[in-house]
Amino acid sequence: MWKIRWKLTVRGLAQNWAVFRESRVGMLGVVIILLFGVFGALWPIMINTVWDPLVYHPVVGFDPMVLHPSPPTRAHLLGTDPIGRDILAQLMFSTGREFLLGVLSALITVVIGTVIGTVAAYYGGFTDTFFMRVADIMMLFPFIPLLVVVGSMVRLTFFPFAMILGVLGGFGGITIILKAQALSVKVRPYIDAARVAGGSSFHIIRAHIIPNVLPLSFLYMMFNVTSAILSEATLSFFGVLNIDMSWGMMIHTADVAGYLFDFGKYWWLWLPSGVAITLFCAAFYMVGRGLDEVVNPRLRKR
Amino acid sequence: MDTLLKLDDFTMHYRTKAGWVQAVDGVTLSLARGQALGLVGESGCGKTSVAMSIMKLLPYNSKVVRGRILFEDRDIYSMSDEEVRRMRWKGIAMIFQAAMNSLNPVYRVGNQIVEAIVTHEPETSEREARERVASLFELVGIPKERVDHYPHEYSGGMKQRAVIAMALACNPKLVIADEPTTALDVIVQDKILREIDQIRRKINMSMIYISHDVSVIAEVSDVVAVMYAGKLVEMGPADNVFKKPRHPYTCGLMMAYPSILGDKHELATIPGEPPNLLDPPAGCRFHPRCDRASVECREADPVWRAVAEGHYTACHNPVEITGTWSEAVKALNGGERLGASSNA
Amino acid sequence: MVLPATPDMPDADDAILRVERLSKYYPVSRGFFQRRHLLLHAVDDASFEVRRGEVSGLVGESGCGKTTTGRLIARLILPTAGRIFVDNADVSKIQGSDLVEFRQKVQMIFQDPYESLDPRMTIFDIVTEPLNVNGIGNLEEREERVAEMLSLVGITPPSAFLFRFPHELSGGQRQRVAIARALVVNPTFVVADEPTSMLDVSIRTGVMKLLAQLREDLGISYLYITHDLAVARYLCDRIAVMYLGKIVEMGTAEEIVKEPLHPYTRALISAVPVPDPAIRRPVPNIKGGLSKPINPLPRCRFYERCPDARGVCADQNHPELKEVSGGRFVACHVL
């Protein structure tokens, strides 16, 4: 029995993959994400084999042999920052953490959004009104300033920050979108059929509504990765976050040392991380666009 | 007779990922001025594809493999785009399936028709167009004051009438009605069909009715064509086809329809399901479901031939009906009864 | 596996379903600035019964309340007024373990086979769902039961279909799967809401015959909801005709079709097209179009459209159903 189910799941995934592959944008996104994956995976290898941790550690490293900030040289392929740390090492080190942050917070967002969205859609009434008003408030509230305030009150380290980002996102706009989807599932005759069969509300939500909302949740998860990374970059830039190193932090370092004013001259201080943020966000967005065609068959070209 | 439309061995396929769908295969028929043709078949048999081919409204993944469509002796598929545009509406107009949804909800119904007229007949002034809309509404039976209403203020039957008025707006010579009453209740359906029929007779227009419903076709058509799996299986004057059907599929279809008149007769089932047109069966496409199938049917494609004056069929072993159809029905089904213990 | 026993054979006058003065109103709001709260009388004071082992037809045009009636009986919604008895138990008062039992006793087949099966479930999961949620049998027994049901409804061989998804099946096959799902818990009463109206003719007859066969073999009673009088004639023993939430006529299928008494039934029957070009049907004797029963006036519901309307029809309330001969009911002042 389980073998058959496993086979069916694999077949379903293979079919969706076939549709996804048709989308050039989506495939490009996947390729970029894979490249980032490889790039991030290189850091532990480099630091344990080629690079001297004393010189190349992304947070505490310092190279006494050159003036800082140093433009790209053979020793520092992307140069060093104003306090003598290797830019390439910083970039590589941050990649893995950006992945973790983006995916973790998006996952939290989507789990909360899916549960609240389906519950609000199924029960309606007070539950629905309550969560929708919460979502309205979340959407009206300026997100970044809110986090700036929160950041100045508590020490926002990596995991709490991912949690907060995820939870705030989960109660926001995504619940409205997923609720709309759940509502359209709720009125399908197969829901009635399940009720006639004697299914409880819990059974109907778990076995029928959530599975039919999940593809859309997954799609929005991709978009949420993008927004999580962008929020992180913005907040790091303002120096609100208490995290060791990230792409946003790299720009922040350049900024507080006053190097952003001479924009073109010290390009290696901001360009690599800027490009990384842009590409990384774009990649998840593109995967989302590609998934759109899998999730909404109407968009498919025949 | 004066031929208006002629399909000559028309064959059209769709390209899909899985291969070529043989949607319309070797359809040959002709329609005289003022005549009403009924095209019957089940969903997926290619009847809508035939209509779209005549309107030259085929999607990009279609391909005319062979054959021609002649409208007023001119090949539609060698016309320029400009000529085709002129032919639509003024030559051939179409009432689409689920036509009720084809009205734009944000414009007043009257204005939509006026716009259609002005677009297709630039020489008509807007005032003339308005007058024509008023007379069209009278023709299809919508009260005049309804001209300036929005579609959502119309009932289902009324929308259907408005769509018919729109199809008639440019005095077409031929109107194709694709399932014009399928979404409607019987009483409204009856009214609309009567109205279309009266209008057709009044202005001597040709019609092609497309429906899955044998009884609807029987009521409004002069000539009936039955389609199965992309092919015509039988065509002839309505009286002949419905009294003495020759193709087993036509027989099966008619026997499958319960009737409200006469004695309750047994309903026939056609075993199996219509074939996949990606890979239709060899020989006669109906043979896997046919109780009269012989070796010949499995191997050779039956020839389209005349069995009586104007009555054609493509079958190796056509049905012979002697006596009346209702006697034949009784003879064909002995044995089991549907809804048995009832009506003692 | 504990399944309710197959019901005993029909006992002549025993009603499996009794509907008493059933009403369902829906609030509707009109106007944006001045909200007026009105009531749509979807089902209005309807009474009828279905005898054990019989197929009763509920016939009417779209919006007449026939589907609402079906959903009320299946307890998908609760009535505004009136009572429904299945096996002498009041449906709206059923609770707890009785509800579990009710859910097995009464099943429903839906109109659209493309929509009534969850697209993300396999055929096996769909058909086992009723067993699953009621905790009937273990996995092996369920597998056996599903295979048995699928072969019963003509999905053969079952093993070839168990792990397919609904979109891999044709319309006729899907409706058979839906029937198998409804029958898997051995129901005694099935509400069939237009189960064949979305199917092609050549497929439709097969499903109709299957339903008739199942009733013979399993002794199931049906309420067959349809807009098609010809179909109702073929499948039903008795027919009730509904118009704007009211039942206007009841009788045996042949009586209704051959000698309709109510002017609405007469119009309905004369509007059904016949597959014989030689027959010219008379124009149905009915005026105007269908309206919605929103806060209807206290007079005969059919008054505006009735060719025989008199003063009494407008002055008095909607007529009660009267028995004109044995088992034959009509609601009309004029008759």
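1. Quick definition before anything else: a salt bridge here is a side-chain nitrogen of Lys or Arg within 4 Å of a carboxyl oxygen of Asp or Glu. By that rule, three salt bridges cross the interface of chain B and chain C. Keep in mind that this is a predicted model.

2. One of those to look at is Lys243(B) with Asp276(C), where the closest N and O atoms are 3.9 Å apart. That pair counts because the cut-off is 4 Å. The same interface also has 15 residue pairs in polar contact, both partners at pLDDT 80 or more.

3. On the chain B side, the elements giving two or more residues are H6, H7, H8 and H9, and H6(B) has the largest share with six residues. That side splits into 20 nonpolar, 13 polar and 14 charged residues. Overall, the contact draws 47 residues from chain B and 50 from chain C; the buried area is about 4,200 Å², with carbon and sulfur atoms giving 57%.

4. Arg194(B) pairs with Asp190(B) at 2.9 Å; the two sit four residues apart in the helix, so about one helical turn separates them. Asp190(B) is buried at 2% relative accessibility, while Arg194(B) is partly exposed at 25%.

5. Arg200(B), also in H6, meets Asp222(B) from the loop between H7 and strand S9, so parts 22 residues apart in sequence are tied together. The N to O distance is 3.8 Å. Arg200(B) is buried at 1%, whereas Asp222(B) is partly exposed at 31%.

6. Over all chains there are 51 salt bridges. Chain B includes a network linking Asp2(B), Arg33(B), Glu72(B) and Lys173(B).

Note on methods:
Residues are numbered from 1 along each chain as its sequence is written. Chains are lettered from A and ligands numbered from 1 in the order in which they are written. This is a predicted model: local features need pLDDT of at least 70, side-chain atom pairs count only at pLDDT 80 or more; totals for chains, interfaces and linings use all residues. Side-chain values use heavy atoms; hydrogens and water are left out. Contact means heavy atoms within 4.5 Å. Buried area is the accessible area (1.4 Å probe) that two parts lose on being put together, summed over both. A polar contact is a pair of N or O atoms within 3.5 Å; within protein, one must be able to donate a hydrogen and the other to accept it, and residues adjacent in sequence count only if both atoms are side-chain atoms. Ala, Val, Leu, Ile, Met, Phe, Trp, Tyr, Cys and Pro count as nonpolar, Asp, Glu, Lys and Arg as charged, and the others, Gly among them, as polar. Buried means under 20% relative accessible area, exposed over 50%, partly exposed in between (1.4 Å probe, protein chains only).
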